[in-house]
Amino acid sequence: MSSALALPSTKDRSDDLAALSVVPARHPWRWVGIAVVLVLVAQFVHGLVTNPGWDWPTFARYFTAESILRAVGTTIVLTVLGTVLGFALGIVVALLRLSRSVFLQGVGWTYVWAFRSIPLIVQLLFWFNISYLYQRLSVGIPFGPEFYSFETVQLISPMGAAVLGLALHQAAYAAEIVRSGVISVEPGQLEAAAALGVPKGRQLRRIVLPQAMRAILPNAANEVISLFKGTSVVSVMAIGELFYQVQVVYGRNARVVALLMVATVWYIILTTLLSIGQHYVERYFARGARR
């Protein structure tokens, strides 16, 4: 004689599930961590407010001083010129590295290797002192007659040397950022475009770059922010950017901490603005990739 097992009905299972009590997940260590962080933040803010060493009256007096605002403008100009020229040259170097020509690949690789190996401050001082090595430059036939010559002292000013050094240094990193974005694009899409007869120029503009930008932008924005803060290195050339001007002021009044806070807050404000711009640019190029 056979016997069949009685399976619980759907209604019985629903009643059993309804009878269960729902207990929310507990995270006691999360609350401990939050409490510790809040206590540390409160202590830090309390120290900022009550510690007279921060010298907030001096900070307020110099934060919007005319000399500081001019220095902020110089810092922005150095960042913009270094970024534009650096990424323009970096795109060319990236194309060299992506070329099918072994010679062009070697030229691109050598440029990246050289300018990433030499510290930025050394490059800046080299261009600043170029007239020490080459007093005169000439245009003419190699190893032959000269048609025109000029003094190198008149060719590169301190500001020009700073822009040149920043741009050449930035180009080496920009080239690798652009190259990594281009090679991240699925090769099958280019093969499909070629099969449809899409010209190579249009493939680059309409297929490769829009997709590569999603990989390029985060790293590129990070490099721009690093360059913005790295402009402080040109203070060794006595150029009146933000950090140099702050040094000049606290060299006169000995209010080191207050003036350093002036520079710090300006760097934070401008970096925040760059980060906000990065967010909107990334959102623009992410259209169609997010649902």
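Select V208 first. V208 is buried, at 5% relative accessible area. The model is a predicted one. V208 sits in helix 11, which spans residues 200-230. I183 and V208 lie 25 residues apart along the chain, and their C-alpha atoms are separated by 9.1 Å.

Stay on helix 11 and pick Q211. Is Q211 buried or partly exposed? Its relative accessibility is 21%, and the limit for buried is under 20%, so Q211 counts as partly exposed. Next, show the contacts of Q211. Setting aside residues up to four places away in sequence, Q211 touches V185 and Q189.

**The main core**

Select Y111, L166 and V234. These residues have the most contacts inside the largest nonpolar core, which has 31 residues. Which elements give two or more residues to this core? They are helix 4 (66-98), helix 5, helix 6, helix 9 and helix 11. Helix 9 gives the most, with eleven residues.

Centre the view on L166. Residues up to four places away in sequence are not counted here. L166 touches L78, L120, L124, L227, T231 and V234. Two of these names, L120 and L124, return at the next stop.

**Helix 6**

Colour residues 120-128, which form helix 6. Select L120, Q123, L124 and W127: these are buried. Look down the helix axis. The buried residues fall within an arc of 100°, so they line one face of helix 6. What covers them? The cover includes helix 5, helix 7 (130-133), helix 9 (158-183) and helix 11 (200-230).

**Aromatic rings**

Turn on the aromatic side chains. How many aromatic pairs does a search of the whole structure find? The search finds eight. Zoom to W109 and W113. Their ring centres are 6.1 Å apart and their planes are at 5°, so this pair is stacked. Stacking requires planes under 30 degrees apart. Both residues belong to helix 5 (residues 102-117). W109 and W113 are four residues apart, a separation of about one helical turn. W109 is partly exposed, at a relative accessible area of 46%.

Now select W54, W56, F59, F63 and W266. Ring pairs link these residues into a cluster.

**Two loops with positive phi**

Move to D55. D55 lies in the loop between helix 2 (28-50) and helix 3 (56-63). Its phi is positive, about 55°, although D55 is not a glycine. Is D55 buried or exposed? D55 counts as buried, at 15% relative accessibility.

Then jump to A254. A254 is in the loop between helix 12 (242-253) and helix 13. Its phi is near 65°, again a positive value in a residue other than glycine. A254 is exposed, with a relative accessible area of 61%.

**The second largest pocket**

Select T79, A221, V224, I225 and L274. Of the 18 residues that line the second largest pocket, these are the closest to its centre. The pocket has a volume of about 300 Å³. Which elements give two or more residues to the lining? They are helix 4, helix 11 and helix 13 (256-285). Helix 13 gives the most, with seven residues.

Finish on helix 13 with Q278. Q278 counts as partly exposed, at 22% relative accessibility. Show its contacts. Leaving aside neighbours within four places in sequence, Q278 is in contact with P218 and A221. A221 is one of the residues closest to the pocket centre. Finally, draw a distance from Q278 back to Y111. The two are 167 residues apart in sequence and 28 Å apart in space, C-alpha to C-alpha. Y111 is among the residues with the most contacts inside the largest nonpolar core.

Notes: Residues are numbered from 1 along each chain as its sequence is written. This is a predicted model: local features need pLDDT of at least 70, side-chain atom pairs count only at pLDDT 80 or more; totals for chains, interfaces and linings use all residues. Side-chain values use heavy atoms; hydrogens and water are left out. Rings of Phe, Tyr and Trp (its six-membered ring) pair if their centres lie within 6.5 Å; planes under 30 degrees apart count as stacked, over 60 as edge-to-face and the rest as tilted. Buried means under 20% relative accessible area, exposed over 50%, partly exposed in between (1.4 Å probe, protein chains only). The arc is that of the directions from the helix axis to the C-beta atoms. Contact means heavy atoms within 4.5 Å. A nonpolar core is a set of buried Ala, Val, Leu, Ile, Met, Phe, Trp, Tyr and Cys residues joined through side-chain atoms within 4.5 Å. On a 1 Å grid over the protein atoms alone, a cavity is a set of points where a 1.4 Å probe fits but cannot get out, and a pocket is an open set with protein on both sides within 12 Å along at least five of seven lines; lining residues have an atom within 4 Å of a point. Grid points are joined across faces, edges and corners, and a volume is the space filled by probe spheres set on the points.
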